[in-house]
Amino acid sequence: MAKKQKPDISKEIAQLRDELNEHNRQYHTLDKPLISDAEYDALYRQLVSLEEAHPELVTPDSPTQRVGSAPLDGFTQVEHTVPMLSLANAFSLDDLADFDRRVKTRLKQDLRTKIDYAAEPKLDGLAVSLRYENGLLVQGATRGDGARGEDITQNLRTIWSLPITLTGKTPAVLEVRGEVFMRNADFDALNKAAEKEGRPRFVNPRNAAAGALRQLDPRKTAERKLSIYIYAMGLIDGMPKGVAQPMLHTDMLAWFKKMGLPINTESDLCRGSDACFAYYESLSDKRAGLAYAIDGVVFKVNDLALQESLGQVSRAPRWAIAQKFPAEEATTVVESIDFQVGRTGALTPVARLKSVFVGGVTVSNATLHNMDEVKRKDIRAGDTVVVRRAGDVIPEVVAIIPEKRPKKTTRTTLPKACPVCGSPVIESEEMAVSRCSGGLACGAQVKEGIKHFASRRAMDIDGLGDKLIEQLVDEHCIASVADLYRLTQEQIMALPRQGEKSASKVIAAIDKSRTTTFARFLFALGIREIGETSARHLAAEFGSLEKLQKADIERLKKVADVGQVMAQNIIGFFDNVQQREVVEQLINLGIHWPEVKPVGSTTESAGPLAGNTYVLTGTLSGMTRDEAGAQLRALGAKVTGSVSANTTAVIAGDKAGSKATKAEALGIALLDEEQLMTLLEQHND
């Protein structure tokens, strides 16, 4: 009986294997999942069960075999059939222009000719070579010295975006080159897990990826969640009938994609050096928002025949160049460590650095986050450190260089008194944050509290910037947020560099802010841990300030997103006599808002759009995104900042970016501003 069933089981296993491999390609390579995680897991478990019962039917390209091999004793050497070349670097646009001129000169072309260049992000990862025979991955190796590397096939098989078997017609032998890297989200998750387990954090995604590929146990490699993009061809032999060998680099990438190999979607074609400059600037602007780290752009002559004609010098091709971004990591010295006091009294250690150029700017300060971080890294004044800056993110100290530590340094300790007002500093055993106990008596907390109160997402007082607020506090014109509404135009004009026109605008903006919303007002008060969403929930739940002030902890905890700590913070805020007096003064000075009818539930579930989730992106002409979000929430909808399979629609204004692109990839509806207005009008009738 069993022998009769085996052909059917073999067919069932093959179908399951093909189905799972296709879902892996859709999810990891194309970012277009066709089924839910739960459905995938059910199919995977079914395949595991069948293969366990029939081990003789297990094939090398089965999804179950990606992480299943025994630990290795060591890595064997692999000789590259075609050497893996390194790239010459350009560090300025002049260098890139020189490269373009050299290409034309060597090709004996007129300098006015526009050469086509394939452009792609320079990933901050590790180069590898992959060999497929008749469409099956048989070997993967590190770059090594370019001539030979190490066999890391089993580790590369753990990368889910890398196909074990290619699709369609494939050559008898195909060697391709790619870059293994770790996405930022996976790197952050890895470091969080390391912290939780008391292990050292990884310095950067590249180090984490490199360490993963050097693991002798592939199961440990799989835990790092690596990714890969294929960018070049090494060797090709035995092209299938009916398939033309690509003559252009861009066509080659398209062919790779057709076979299921993952290709970077940011790749593009640039005609001439000016287009290369524009691509570089565009990618530089996008850099901070990408899901992975890059350190520049690679430009390659697109015509493969011209590449061969140009040849190479030493170990670098003459037909390609890496245009590097300004360094995002640099080494410098910590001259001192100070403590800044925030609006909630939190003390943040800050490293004062010997100035260093990193990430396109000169950096002289870097955040140390909190004392737990300082102690863990043992950062001291006098240390030589690695500083990182990514995009607009505040620079941070990544690691110290212990061997460069001078003698007689002292450990950094938390001050006992606030550096601003001298009040005692309170350490919390439950939290990493220590705070000044001075409250409103602390000048730093007053300034930061007023800055928060006036900010765009709070009371939105246009023209009242940080510097003006600091001047007003320093000159004793204001001592609390309530004093803003007692300010006169003459007081502002008396300050340095403040004219009549600008002073008039600030006073008008302050007056305008007297009319607000209950949720904005609650957020503006700066109650610890009460963000915009929590403020909206509280406003919707209680409807009035009086009812909120009377609520006890148990009542507050019934509000969505409000837990024990947040409830205690709310009660503590209104129990403080000084805080309560400031709130009363604000109301007496004319702060008001439209009446809010309590819904008795803080979830956005009441209204005609209940159950719908929207994402706003781009610029709207008729209203701000905040205003559009408020109107959608008023109709019961949920408004989030990221696109997922649960998103009902993405509302795309002018210059909509990656969120609109992701919506299209997931098949989620895209609404323009006119359709948004129609939606609001339909449900507001």
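**View 1. Strand E10 and strand E13 run antiparallel in this predicted model.** Strand E10 (residues 294-301) is joined to E13 by 5 bridges. Lys 300 has Ala 320 of E13 as its bridge partner. Strand E13 (residues 320-324) also pairs with strand E2 (residues 89-90), here in the parallel sense and over 2 bridges.

**View 2. Strand E13 is covered on both faces.** Of the 5 residues in E13, 5 are buried. Ala 320, Ala 322 and Lys 324 lie on one side, and Ile 321 and Gln 323 lie on the other.

**View 3. Helix H3 packs against helix H9 in a right-handed crossing.** H3 spans residues 93-106 and H9 spans residues 273-286; the angle between them is about 145 degrees, and their axes are 10 Å apart. From H3, the contact uses Leu 93, Leu 96, Ala 97 and Asp 100, while H9 brings Ser 273, Cys 276, Phe 277, Tyr 280 and Glu 281. By type, the residues of this contact are 6 nonpolar, 1 polar and 2 charged.

**View 4. The largest nonpolar core holds 55 residues.** Leu 538 and Leu 586 touch the most other members of this core. Helices that each supply at least two residues include helix H12 (443-454), helix H15 (500-512), helix H17 (532-542) and helix H21 (577-588). Helix H16 (518-524) gives the most, with 6 residues. Nonpolar side chains tend to be buried together in soluble globular proteins.

**View 5. Leu 538 is shown with the residues that it touches.** Leaving aside residues up to four places away in sequence, Leu 538 touches Leu 522, Ile 530, Gly 543, Leu 548, Leu 556, Val 559, Val 562 and Ile 570.

**View 6. Asp 378 has a positive phi although it is not a glycine.** Its phi is about 55 degrees. Asp 378 sits in the loop that links helix H11 (371-377) to strand E17 (384-388). Asp 378 counts as buried because its relative accessibility is 16%, below the cut-off of 20%.

**View 7. His 476 is another residue other than glycine with a positive phi.** The phi value is near 60 degrees. His 476 belongs to the loop between helix H13 (466-474) and helix H14 (489-493). With a relative accessibility of 73%, His 476 counts as exposed, as this value is over 50%.

Notes: Residues numbered from 1 in each chain as written. Predicted model: local features only at pLDDT ≥ 70, side-chain atom pairs only at ≥ 80, totals over all residues. Heavy atoms only, no water. Helix = DSSP H or I, 4+ residues; strand = E, 2+ residues; numbered from the N terminus. Buried < 20%, exposed > 50% of the residue type's maximum accessible area, 1.4 Å probe, protein only. Core = buried A, V, L, I, M, F, W, Y, C linked by side-chain atoms within 4.5 Å. Contact = heavy atoms within 4.5 Å. Axes fitted to C-alpha atoms, helices over the stretch in contact; angles between N-to-C directions. Left-handed = near helix turned anticlockwise from the far one by under 90°. Nonpolar A, V, L, I, M, F, W, Y, C, P; charged D, E, K, R; others polar. Pairing = 2+ DSSP bridges.
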